[in-house]
Every structure is written in C-alpha cells, then in structure tokens.
Number of protein chains: 2
Amino acid sequence: MPAITYELIKRCSQTGARAGIIHTPHGSFETPIFMPVGTQATVKTLSPEELKEMGAGIILSNTYHLFLRPGADLIREAGGLHSFMHWDRAILTDSGGFQVFSLGDLRKISEDGVAFRSHIDGSKKFLSPEIATKVQMDLGSDIIMAFDECIPYPADHDYAKKSTERTLRWARRCKDALVTDNQGLFGIVQGGIYEDLRRVCVDELIDMDLPGYAIGGLSVGEPKKLMYEVLDYTASALPANKPRYLMGVGTPDCLVEGVKRGIDMFDCVFPTRVGRNGTAMTWNGRLIIKNAEFEHDFHPIDENCSCYACRNYSRAYIRHLVRVNEIFGMRLLTIHNLHFLIDFMRKMRQAIIEDRFGEFYNEFAAKYVLK
Amino acid sequence: MPAITYELIKRCSQTGARAGIIHTPHGSFETPIFMPVGTQATVKTLSPEELKEMGAGIILSNTYHLFLRPGADLIREAGGLHSFMHWDRAILTDSGGFQVFSLGDLRKISEDGVAFRSHIDGSKKFLSPEIATKVQMDLGSDIIMAFDECIPYPADHDYAKKSTERTLRWARRCKDALVTDNQGLFGIVQGGIYEDLRRVCVDELIDMDLPGYAIGGLSVGEPKKLMYEVLDYTASALPANKPRYLMGVGTPDCLVEGVKRGIDMFDCVFPTRVGRNGTAMTWNGRLIIKNAEFEHDFHPIDENCSCYACRNYSRAYIRHLVRVNEIFGMRLLTIHNLHFLIDFMRKMRQAIIEDRFGEFYNEFAAKYVLK
C-alpha cells in the first residue's frame, strides 16, 4: 500500500471538477482542499489547535527555509516536523527548488544541483534532488515534492525545454533517493506555457508512477487567461486515480477555475499574508478592514461565517487592532481568511457531490468582486 | 452594596501577607493576584480564551491609549470595553495619569488637568480628573483609577508634597465625577519616598472611603530596598477591609516582597514584554531562550509547568520560532510567562492559607536567581 492514495468520490457531470479523499500516514482529508502554508514550521500567528478548529487536514511547510533554519538534522532529532511543531495531521513539504531558483545572482545551477548563498547570512549551501529528498525524509513530511525548476514567465521555448528535461531527470533522481515507505513523492509538471512541453512532462511523470502530481510554474506573473489555458490541457492529461496539486494558487477566483479543471489541492501564502496586512477575504471580495467605513461597524467580518473571529469580534474592534499594530488583529484576520478558504473548498466539494458545481461556479462569479 | 468589595480569607501569622477574594460586577477573583496588561484593549498576542485557560480573573487596560485610539466614544458605542474586546471577566483601567506625565515636553500641567500632545500624531488633547473618570465610565471597567501624578524618582520633598496634595484634590474630583454604581474608584497613594507624605496621603484617601487603594510611584527607578521601605509603612497603614494594589510591579522577587507586606493586586508589562523578546520566566530565574544552549533542548521550558506552551512544545522549537521572528514564538512565551505569574500568585495564596508563607518566602529566595 503506497503512503499516499487518492480515492475518487464523485466527478462533476459538466466540468472536470471532482471530489475525493486523500489518505496519508497522518490521516485522510477531503478534496478539493486548500493547504495553509507554514513556511518556517508554523502557520504564521496560529496554533495547530486553531488550524484544526477550522478543519485544516494538511499544511505545507518549506524545505528551503527549514534547511537553513533550524536545519533538517535538528528536526530529525526532534522526531520529525510533526513532533517538532506539534501537528499530527498531514504535512506536505515543497522541495526548495522554487526558493533557490528565486535567488537570482546568489545561485548557480548545474546538472548536479543548485549552489547558492543563504539569503540570511550569505553562507554557501547546496541543494540537489538527492539532498532535497533527504531533507524531506528528515522532516518526515507525508508528501514530499520533487526538486524542480519553476520556469519563470516569460521564458522562451528553448529554455523551457531544457529546463523541463532537467526537471524530469531530477524527478527520477528524487524517486531513487526516496527510501522510506511512509512518504509519498509528488512529481511536478513544468513546461512553461508550451503545450508540447507540458504534455511530454506529464507523460514522462506518469511513466514514473508517482502517487501524485503537481502543476508548477503557474501563477508566476502570466495573464490569468493563459494560466487557465495551460491548466486546461495539463490537468486533463493527468491520471484520474492520482491527486493533482496546483502550486501557489489561493485566490477564490483561481481556486474555482482550478477545481473546475479537476485540481484537488492548492496552497498559497495569500490568505495569511493579506490577513497580516489587514485584509479580510469574503464571498463578495476583499475587505480592507482599516478603511474608515468600518470604524463604527459592529458587525462581524461576515455575518454568515462561523470562524472564531466572526463569532466574537466586530469589524470595528479588528480595525482598531490593525490600526494600532496589535498582533491579535493579525491572528483574527489569519483565522478568518484560512477558515474562509477551507470553507470555500468545502462548499465546492459539496456542490460537486450534489452535481451542481456549474451552478456554484455561476453564483460565485456573480457575487465575487475582483479587486 | 458597593461595586467592588474585598473579603479577607486568611492572614499570615508571621508577615503581612493575606489571602482574599475581590468581588466585582464581572465576577470574583482570588487574591493575591497578578493582572495581565492589555494596554490597547488586547493582552498582546493573546486571545481572551487563552487568558481564561491560565486562570486570569482580571486584566488591566489603559485610559491614555484607548482615549487616543480608538477613542472612548467608540468603545461606549460598542457597549463598553468588555463587549468590544470580548472579555467578560473583570477589567481595571488606569487613569492615564502615568502616561501623560511621562510625556515630558509634550505636556503642560495645571490645577485643572494636563494638556498634552498625542505621542501618535501630535494633536492637542486634555485629560483632567473629570475627563479621565468620564473616559473610564465610557469604557465600563469594573475598577477605575483616580487621575494622579506618579512622582518621578528622585524628587525633592517640596515637589513631592505639592504633587501629592494635587493628587489628593484630583482624587476628590474623580470621586465626585463618578456617577455609576457598577464601577469602583480606587485612590492612589503617592508621596514619593517620604514617609510623612505617604502617611498624609493614606489618611486623606481613607477619609474618602474608596473601595480600594493603590500604591503608586514605586518601581520607578528607586533602589529595591527603598521601595520595600516605602511599602512597609504605606501598605501597613491601609485599611484591612479594602484591596491594596501595588502598581507596575511584576517580577517574582518584587511580587513576593509585595505579598509579604499585604499587597493583593499587581500589574506589569514585564512578563508579556520580555516574552515577546524571547525570555521565559521560571521558578529558577529567567531563560533567554535564544541562547545556543537550548538549540538541541527538547524539554519544555519548565517540566513542572502545565501551560499550553510547556505541554506541547520544546525549548528547541520555541528557540527556532524566536530566532526566525515568528509570532507564534511570542505567543508561546507570553502564554508561559503569564501562566507562570498567575500560578506563582496562586501558590503564594495557598501558602498563606496554610500559614506557611514564611517557608514559601525562604524557599523562593533560595531557588530564584536574580539576573
């Protein structure tokens, strides 16, 4: 029995949307799902209990950051990331590829891997498919990601082709390096905005028979229309019996479009980051809680929301906290935004199960204001 | 029936220490007690539920800060501070005197009150005994403090005398201005380091028959020995049937000395502030959690502590969070430090009830390392 398995529960009759369950060594969770991001072994401002209260079944953490501080050895010594951070549900870790490739002049790429300088103290470091896999084995995450290059946008076909081929060679090396039974390696489909490259990449990854596949290299600055086009042909080419994860996407409009195309998993720092900056996410779009219009507003952020913040606090109070830079304001908005997204995914799942996802999609589009 | 009453449960046979219960419109709490400080209508980083879990029965909030932001009108409109900040236990608010007198060149004192400029935007403001009382009535705190001058250290006898006389005149004006039955006004004993002034101040405040008395103007830079001397003659002169509150004191050694002299209530930003800066309080003294010695330390801050942080997290994890500036690290240390102090007071109370406070005092002194 593989560490990670996908159970398809229901498929939408009009779109590619699907409801499922993913089973991991640290519990099962329903899909489609949004994964809160805990970059440095903590989802910023929150406790694990708060994440559980809102129904989070899996969180994401970050190989690059943990590799630098506190180091994978220390976390292995602590008994793994679950034990270290007191989180007993599933964890997915990214491979660090995205971060090291973002370092620009601080990194040098070879076939072997990426030599780079720490963004913290400038010290020399090296990540390769083998090291990134080993680090993630030390972390003990349930789902580990292959070490890849996230191709920037724009990139020409020649660059994208060479990069994608290397990403595939690296994926094979990651697979070879993974020597535990209780972790599952997801491959990452790259290929930029080129259909031929995406298709080749999908085919080769399918040949590797991994327990799940991610789509990387999207939401990196390309127009949304183009992102949806790439998603169309990429997601539909992925096998139906494996989970599909769209990396780095977390705004409601993109989540709906992703689910519509059959994506099961999403992550993004968006809800936590904008929460810390004073923005609340709602079914009607974003609220900038600092705005003067909320000064005397004693209603919750959202009357229909059942999160801890909406049950107990007014917009006026949260606005006050944000204005005076109180951490509790960041906490309340982080709680609300993550609760909102988890609930948003749950409602999409329910619509899929009741075969009315098309309706859900139209209602959402009519109500949601893009800002 | 006055809003605030004190019930004496037990008096130590060897020292002035006493165990009691204070009754307020928002519940009763056992004394001696430490009050967490929630300057801006939030105890920094924490939720009210976290404060309740550690057994906090009363918190302190700040007239000066709330007067400036969000303003007393807004909080009155919200139904008072309890409702605004979702805290249904007792609240004590200071009068703002301490803050406006600390403004130096930004303030001008007259018999009427203090004209000052906001430290935030420089706008002109005015606080007087009547306004400070009215603001605290708007806030709806259970215990409101008289508007006073906290005499700096050092100050000569002449200045201290004039200031203390004004503080007494202002206390009478506060009493006249308070026109609700569900709030209790505490007078503040000033007088600097001068026994004659402290005694006159105590006598005149007793004449006013207020429901409680605070000792102000200590822990403002004077040597600890001198503070304890002033406490000796001041605390013992206060009536036994009223609560006694020593303002601005929150380190374990000073708490023990205060309780020994019959103090019932304390507040200080110390535990929350040092927590946010990476320091944990323990029965053996302070731990600087960032220190390299804790890197591989997978024990809790204190094996015998039952706080949320000690039940679930290691020193190594908290050290990691502090090093990478994660807010959750500040939360865990704030929780631990406040839990520690509340538990510390509880243990002192138990010792008083069992008439072994002298023993407790000696054991504490033998164990606790002052740093």
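In this predicted model, chain A folds into 15 helices and 16 strands. Its radius of gyration is 20 Å, close to the 21 Å that the globule rule gives for 371 residues, so chain A is as compact as a globular protein of that length. The C-alpha trace of chain A spans about 60 × 50 × 40 Å along its principal axes.

Of the 371 residues of chain A, 63% count as buried. Among the contacts in chain A with a separation of 6 or more, 66% are between residues 24 or more positions apart.

| Property of chain A | Value |
|---|---|
| Positive side chains | 44 |
| Negative side chains | 47 |
| Distance between the centres of the two charge sets | 3 Å |

Helix α6 of chain A, residues 129-139, is mostly covered, with eight of its 11 residues buried. The buried residues of α6(A) are Pro129(A), Ala132(A), Thr133(A), Val135(A), Gln136(A), Met137(A), Asp138(A) and Leu139(A). As background, an α-helix has 3.6 residues a turn, so residues three or four places apart point the same way. After α6(A) comes Gly140(A), which has a positive phi near 75°.

The next topic is the relation between the two chains. Two copies of a chain are related by a rotation about an axis and a shift along it. Here, chain B is superposed on chain A by a rotation of 180° with 0.0 Å of shift along the axis, at an RMSD of 0.0 Å. This is the relation of a two-fold axis. Within chain B, Ile327(B) has the C-alpha nearest the axis, at 3.9 Å from it. Both copies use the same surface, as 100% of the contact residues of chain B recur in chain A.

One residue of chain B can be followed from its helix to its place in the fold. Gly358(B) lies in helix α15 of chain B, which covers residues 357-367. The relative accessible area of Gly358(B) is 15%; because buried means under 20%, Gly358(B) is buried. In sequence, Gly358(B) and Ala17(B) are 341 residues apart, while their C-alpha atoms are 9.4 Å apart in space.

Definitions and conventions:
Residues are numbered from 1 along each chain as its sequence is written. Chains are lettered from A and ligands numbered from 1 in the order in which they are written. This is a predicted model: local features need pLDDT of at least 70, side-chain atom pairs count only at pLDDT 80 or more; totals for chains, interfaces and linings use all residues. Side-chain values use heavy atoms; hydrogens and water are left out. Helices (H or I, at least four residues) and strands (E, at least two) are DSSP runs, numbered from the N terminus. The radius of gyration is taken over C-alpha atoms; the globule rule is 2.2 Å times the number of residues to the power 0.38. Buried means under 20% relative accessible area, exposed over 50%, partly exposed in between (1.4 Å probe, protein chains only). Contact means heavy atoms within 4.5 Å. Lys and Arg count as positive and Asp and Glu as negative; His and the chain ends are not counted. The place of a charge is taken as NZ of Lys, CZ of Arg, CG of Asp or CD of Glu. Copies are superposed by least squares on the C-alpha atoms of residues with pLDDT of at least 70 in both.
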